[in-house]
Amino acid sequence: MYGHTPLDEACEQLSAQVPPPLNKLFAKAAAGMRARDGHIQTAKSAWHSALQSEAPHSALKSQDVRILYDLGMSLGISDREDQRNHLRHAMKRIEQEEANASDEAGRYVRMYRSIGVLSGILAVILMY
């Protein structure tokens, strides 16, 4: 037995739980995994299709999309425990990207604050 909840149902449930625009990603992936006109996409291709159509409408950076794309490579091809391991690995990579983004934001905040202060000093000097 590979799992308790089929991937299309799991994606559908997630689409109801996560905020926009990510809910559309999961809804499109779930729809892609269901039969349409006798055509069923694999979990991998449904995930990649959904990611390709929804990523441009989100704040995801290319590194984030790559992590999610890589996660799609393993969807539906192994047992539940292996799927959990892939999800944990993707979560660790996303957490690392989040830490990198936080560090980068901190650097930019300091830089813009310094530029603002220096611009103010320059304006005062030029006025006098």
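Student: What makes Arg 66 and Asp 70 about one helical turn apart?

Tutor: Their spacing. Both sit in helix 4 (residues 62-72), four residues apart, which means about one helical turn between them. An α-helix has 3.6 residues a turn, so residues three or four places apart point the same way. Helices here are DSSP runs of H or I with at least four residues, and strands are runs of E with at least two, numbered from the N terminus.

Student: What stands behind these values?

Tutor: The model is predicted: local features need pLDDT of at least 70, side-chain atom pairs count only at pLDDT 80 or more, and totals for chains, interfaces and linings use all residues. Residues are numbered from 1 along each chain as its sequence is written, and side-chain values use heavy atoms, with hydrogens and water left out.

Student: Why is the contact between Arg 66 and Asp 70 called a salt bridge?

Tutor: The definition asks for a side-chain nitrogen of Lys or Arg within 4 Å of a carboxyl oxygen of Asp or Glu. Here the N to O distance is 3.0 Å. So the pair qualifies.

Student: Are Arg 66 and Asp 70 buried, partly exposed or exposed?

Tutor: Buried means under 20% relative accessible area, exposed means over 50%, and partly exposed is in between (1.4 Å probe, protein chains only). Arg 66 has 46%, so it is partly exposed. Asp 70 has 26%, so it is partly exposed too.

Student: Which other salt bridge does Asp 70 make?

Tutor: One with Arg 93, at 3.3 Å from N to O. That pair links distant parts of the chain: Asp 70 is in helix 4, Arg 93 in helix 5, 23 residues apart. Arg 93 is partly exposed, at 27% relative accessibility.

Student: How do you know that Arg 84 and Glu 81 form a salt bridge?

Tutor: Their closest N and O atoms are 3.6 Å apart. That meets the rule, so the label holds. Both residues lie in helix 5, three residues apart, about one turn of the helix. Arg 84 is partly exposed at 38%, and Glu 81 is partly exposed at 40%.

Student: How many salt bridges does the rule give?

Tutor: Eight. Asp 8, Glu 12 and Arg 34 are linked in a network of salt bridges.

Student: Why is Gln 41 called buried?

Tutor: Its relative accessible area is 19%, so it falls under the cut-off for buried. Gln 41 sits in the loop between helix 2 and helix 3. Leaving aside neighbours within four places in sequence, Gln 41 is in contact (heavy atoms within 4.5 Å) with Gly 32, Met 33, Arg 36, Ala 46 and Ser 49.

Student: What joins Pro 20 and Pro 21?

Tutor: A cis peptide bond, with omega about 0°. Most peptide bonds are trans. Pro 21 is found in the loop between helix 1 and helix 2.

Student: How do you know that the length of helix 2 is close to what is expected?

Tutor: The expected span is 1.5 Å times one less than the number of residues. Helix 2 (residues 22-33) has 12 residues, with 16 Å expected. From first C-alpha to last it reaches 17 Å.

Student: Which residues of helix 2 are buried, and what covers them?

Tutor: Asn 23, Leu 25, Phe 26, Ala 29, Ala 30, Gly 32 and Met 33 are buried. The cover includes helix 1 (7-17) and helix 3 (43-54).

Student: What makes a set of residues a nonpolar core?

Tutor: They must be buried Ala, Val, Leu, Ile, Met, Phe, Trp, Tyr or Cys, joined through side-chain atoms within 4.5 Å. The largest core has 14 residues, and Cys 11, Leu 25, Ala 29, Met 33, Trp 47 and Leu 51 touch the most other members. Helix 2 and helix 3 are the elements that give two or more residues to it. Leu 25 is in contact with Trp 47, Ala 50, Leu 51 and Glu 54, leaving aside neighbours within four places in sequence.
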